Amino acid sequence: MADRAECQGLNAECSLLPAEFIIESLIIKADHVSLEDHIYQLRQEKLKQIEALGQQAYPYKFEFTHSIPQILEEHGGKTAEELEPNRVNVKVAGRIVSIRLQGKAGFAHVQQNGQRLQIYVKLDFVGEKGFALYKLLDLGDHIGVRGYLFRTRTGELTIHAEELTFLAKDLLPLPEKWHGLTDVELRYRQRYVDLIMNQEVREVFVKRSKVVQAIRRFLDARGYIEVETPMMQQIAGGAVARPFVTHHNTLDMDLYLRIAPELYLKRLVVGGLERVYEINRNFRNEGISTQHNPEFTMLEFYQAYADYHDMMALTEEMLAQVARDVNGTTKATFNGQEIDFANWQRLSMREAIIKYWPEAAASRPEMADFATHDSVERLVKRFNMNHSPHMAYDPKDPPGKTIAAMFEAAAEEHLIQPTILYDFPVAISPLSKNKRDESDWVERFEVFVGGLEIGNAFSELNDPEEQRRRFEQQLQERERGDEEAHKMDEDYIRALSYGLPPTGGEGIGIDRLTMLLTDSRSIRDVILFPLLRPQVQQEEPSES
């Protein structure tokens, strides 16, 4: 049976054989520090005893007839009277999550695929060896059970065990609790235990999988094809970000883990793949926060003969459908606020600044206030004079870059309901097409939901000469110290020279979208194994 220290910690109904209890009590008193090691040793001894019963310590497979979710779905609504005349025989496998012994009988709960089912084990039915095996089981062990379904006196659906098969021993004790602020980092480091103990965590990652499935169904149904582009690139392009650098020994050349697949996907549109998408990893050598992980998952998709207005409509439709597919409704709760993916607002960047301009910063701006360097500088002074915190400002920056910073300071946090923020300054958009009537602005939009920016889209720039000029402007920014500014990419310009048709393109962050649909406050809660600082190994005190 389970060790007494675990039983107390997990509040499980379980018992120990007297000899085990005496041995463990002596061990605990002798050495608190290495309790886990001693439990490991005790369980290894149990494993030897299990082998002595004729069971394999590490069997190769187990043939089961039903999954636990299948049993609950098919028979969960049946009464005891319905189960009794037509006996339902089953073979299941799973992990023991509770166990107790009462003389010559016992109950346990077995968990599989996130759902639990009780088993009833009695000496008269499983035999002496089977019951001896039951007494050697611990919380966390994997077992196979053959028997039939019935309901106990309390009405719980249960397997009346006729045969037990040992499948794997949990040699380390499961924790008492695996939640709370003090254990958050440990949960991330040992996600395998987190998933055992917290079914709500498992549900988050099940929903994440459903998000990706829903996106694929949506795009596949509209004639998109899924492709794969290089993860290691000679030029880190397609976004404004600092890359990770690696080195190829044979070719003796530095390569970059990609920061975006954009330029390769647009090369494919040039080549005649008119609707393409990719769901894969991007890598950015930047800070870690509740919204940022250096390794993250993006959807990027491109459609020939479309512009950013088409992508807006497609985005609104797609995200509403994904929400329905994942949660059964377009509504979701995030950070205490209800969000409806069927209800969108559209604002230009300048309109958003005007709409959310703080009252303390005097009268709201007008569109003309964004027209020149001097008028934008006056806006900054008004904002900083009457609002805290101040927005950063460099007079040498182009006005467009300052306007984008102003949006972040004044408006971004207010975009809770699904919002398409469109028309961006050309100064921060090197890959977007100019607006048809304003050369200092481009046809670009970002998607904001719950205060998070989850998407970025353009009418793609397809003029190779204009693209060269944009890259040259970015090189000037690099010379001014902006390490994230885009590098020159001659091969991409060459590809554009073969003719990129009018194209709309977009990237959507899978991690942040999953955060919204699962009410997860940190991006690390939706990434199975997020990047963490290395653990510092504490040195054991030396014996004097």
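How many of the seven residues of strand β15 (residues 419-425) are buried? I counted six, so strand β15 is mostly covered, where buried means under 20% relative accessible area, exposed over 50% and partly exposed in between (1.4 Å probe, protein chains only).

**Ground rules.** I am working on a predicted model, where local features need pLDDT of at least 70, side-chain atom pairs count only at pLDDT 80 or more, and totals for chains, interfaces and linings use all residues. Residues are numbered from 1 along each chain as its sequence is written, and side-chain values use heavy atoms, with hydrogens and water left out. I took helices (H or I, at least four residues) and strands (E, at least two) as DSSP runs, numbered from the N terminus.

**Partners of β15.** I looked up the pairing next; two strands pair if DSSP finds at least two bridges between them. Strand β14 (residues 345-348) runs parallel to β15, and four bridges join them. There I found R346 opposite I420. Strand β16 (residues 441-449) runs antiparallel to β15, with six bridges. On that side Y422 stands opposite F445.

**Helix α13.** I checked the length of α13 (residues 373-386). The expected span is 1.5 Å times one less than the number of residues. For 14 residues that gives 20 Å, and the end C-alpha atoms are 20 Å apart, which agrees. Its buried residues are S375, V376, L379, V380, F383 and N384. I noted why such spacing is worth a look: an α-helix has 3.6 residues a turn, so residues three or four places apart point the same way. The buried residues of α13 pack against α14 (399-410). In the loop between these two helices I found P389. The peptide bond from S388 to P389 is cis, with omega near 5°.

The domain assignment, automatic or from a database, gives domain 1 (35-168) and domain 2 (200-344 + 417-525). Their C-alpha centres lie 48 Å apart. I then listed nonpolar cores, each a set of buried Ala, Val, Leu, Ile, Met, Phe, Trp, Tyr and Cys residues joined through side-chain atoms within 4.5 Å. The largest has 42 residues, and I215, L299, F301 and F341 touch the most other members. Elements giving two or more residues to this core include α9 (199-220), β11 (295-304), β16 and α17 (510-518). Helix α11 provides the largest share, nine residues. Another core, of 32 residues, lies apart from it, with L47, A57, I68 and I119 among them.

Leaving aside neighbours within four places in sequence, F301 is in contact with residues including L219, Y224, M311 and I508.

**Q118.** This residue is in strand β3 (residues 115-122). At 3% relative accessibility, Q118 counts as buried. Its side chain makes a polar contact with the side chain of T158 at 2.9 Å. I used the polar cut-off of N or O atoms within 3.5 Å; within protein, one must be able to donate a hydrogen and the other to accept it, and residues adjacent in sequence count only if both atoms are side-chain atoms.

**Positive phi.** I logged N113, not a glycine, with phi of about 50°. N113 lies in the loop between β2 (105-112) and β3 and is partly exposed at 46%. D252 also has a positive phi, near 50°. D252 sits in the loop between β8 (245-248) and β9 (253-257). At 59% relative accessibility, D252 counts as exposed.

How values were computed. Contact = heavy atoms within 4.5 Å.
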